[in-house]
Amino acid sequence: MASAHALLSSPLRLFVDKERNKVVVGEASADFIDALFSFLTLPLGTIVRLLSNKQTYRSPEVGCINNLYQSVQHFNTQVLWNGICKKMLLCPRNPCEKLCQKLRFNVDDTEPTKYFMCGSCRGLSEKWLSTFEGASCTCGKLMEQEMKVEGDEDNNPKGDGVFVRGESMYLIFDDLTVLQNSARNTVHQLVQLGYTDFTKLTEISPNVGLNQIMELLKRALISASPLSDVFLAREARGSKPVSSFAPRLASQDVHGGDSSYNLQITVSKSKNKILYAEAEEDFADFLFSFLTMPLGSSLKLLDGDVNLGSMHNLYKSVKDLNPSWFGHYRSRYSPLSPLLDLKVASQYGCKKQRLDVVEENRPAYYYGTGVYRNNTCYLSNNGVISKDPFKIQSSSSLMLYDPRSGDGRRGSVGFVRRPALFAVMDDLQVTPLTSTSSISFLQKLKVPLNDLEEHKVTIHKNEALNLLGASLTSKAALTNGLFYLVKKQKEEATT
Ligand SMILES: [Zn+2]
């Protein structure tokens, strides 16, 4: 469907400096800009999955998030509560799933949400609904009767843009800065880039399809010139990764509370780095929740402190875009673009993550009784169940199955089965210590045991942010995110 549509018109005109083999400026349609902006909605786990699927070129790695992902892939079923939790981390839901389905170029191929009930227990007074396939019912059967959901229809006009206004053109630059299309913006930017007229610039209209958008996703994570890389085939020459992160050293936030963690870390004295940390269940859940967090949420949290290829320019462009250029789709609760207020998909969050990333509001679900009892549920986001008053009278509310606890019927606890102990390596490879011999673990480290030094650190919001930033941009997440705490402890000990 997308490819037939793609032939209608070229969504992109690029003006190229042939001498330098570089895209200087481009004009893009809303379809194209929507596809780029949708990168921000992708959970980090989805990005790792998409990059490892498509091995057309050597795939870039985003810091060491891929190690975290692969660790979860290798966990046996006893480490997390159930197989659903594992799937949640490996194939996290996009908080803008519905919006992304409207995109002309949608890179997120995660399975759309489906709804299930237990065929045998639908007549009981306590009714459960699951948004995950394969959940087990209290009766011992699986909740596998697929349900339609009514009340979630989309009343917005079609073909009218998703994240940005549909009918407009946009200016785009090689580093993925996006601006409103205006002569003033064009002049200003061209002069800044050192061009006083168009004589040095050649116009091209490249083919744009899902493959090119996928290549752009890859390059946008590691390069400052993704348009040139993809459309002028500069990728082959390779470019140095341009991501960087500056940890905030001063901890303003000293409130303990139940969501700070104490972490036992082991340092190599000779190498001045953190080798590994011993993490209990809450800290492990916090790390794994990076996988369900949308890229845009991470960039918002780390605003100004992180350069991630060109992705931070996309985020900044949304932030700086005049709101009148946003598409018609706004959050029910906010006049902002959904991209500036990205949440973790409902049921995919982590309670004690310390970063104030919230889950999407969960709608209320109802199930008809009597003549209205069928394979349909009713959804309510604002108290209105249905326009049909009889349906309302004869509906009873549904409880939502939550995989993040032992039996799915108590409140969310976390992804990890309790109690748990993990070894988290500097590059975020995670091993469950409960099922691993500690002697062979230490043997694998290949460091003299008298070079090891133990430290106890506390992870507040500031440290949690530093860990996130270091995880996105380096292969030494613990050292780059937390080593300053060790230095501080040593300084305090000597004074
Ligand atoms: Zn049942």
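Two strands pair if DSSP finds at least two bridges between them. I kept that rule at hand while browsing this model.

**Ground rules.** The model is predicted, so I noted that local features need pLDDT of at least 70, side-chain atom pairs count only at pLDDT 80 or more, and totals for chains, interfaces and linings use all residues. Residues are numbered from 1 along each chain as its sequence is written.

**Overview.** I found 16 helices and 19 strands in the protein; helices (H or I, at least four residues) and strands (E, at least two) are DSSP runs, numbered from the N terminus. Of the 495 residues, 42% are buried (20 or more other C-beta atoms within 10 Å of a residue's own, with C-beta atoms placed from the backbone).

**Strand 13.** I looked up its partners next. Strand 13 is joined to strand 14 (residues 376-380) by 4 bridges, and the two run antiparallel. Here A364 stands opposite S380. Strand 15 (residues 395-397) also runs antiparallel to strand 13, with 3 bridges between them, and Y367 faces S396 there. Strand 13 (residues 364-368) has 4 of its 5 residues buried, so it is largely enclosed by the rest of the structure.

**Helix 4.** Then I turned to residues 65-74, a helix that is mostly covered, with 7 of its 10 residues buried. I listed the buried ones as I65, N66, N67, L68, Y69, S71 and V72. Which elements cover the buried residues of helix 4? I noted helix 3 (44-53), helix 5 (83-90) and helix 10 (281-288) among them, along with strand 18 (430-432) and helix 15 (461-473).

Key:
A residue is buried if 20 or more other C-beta atoms lie within 10 Å of its own, exposed if 12 or fewer, and partly exposed in between; C-beta atoms are placed from the backbone. Two residues are in contact if their C-beta atoms, placed from the backbone, lie within 7 Å.
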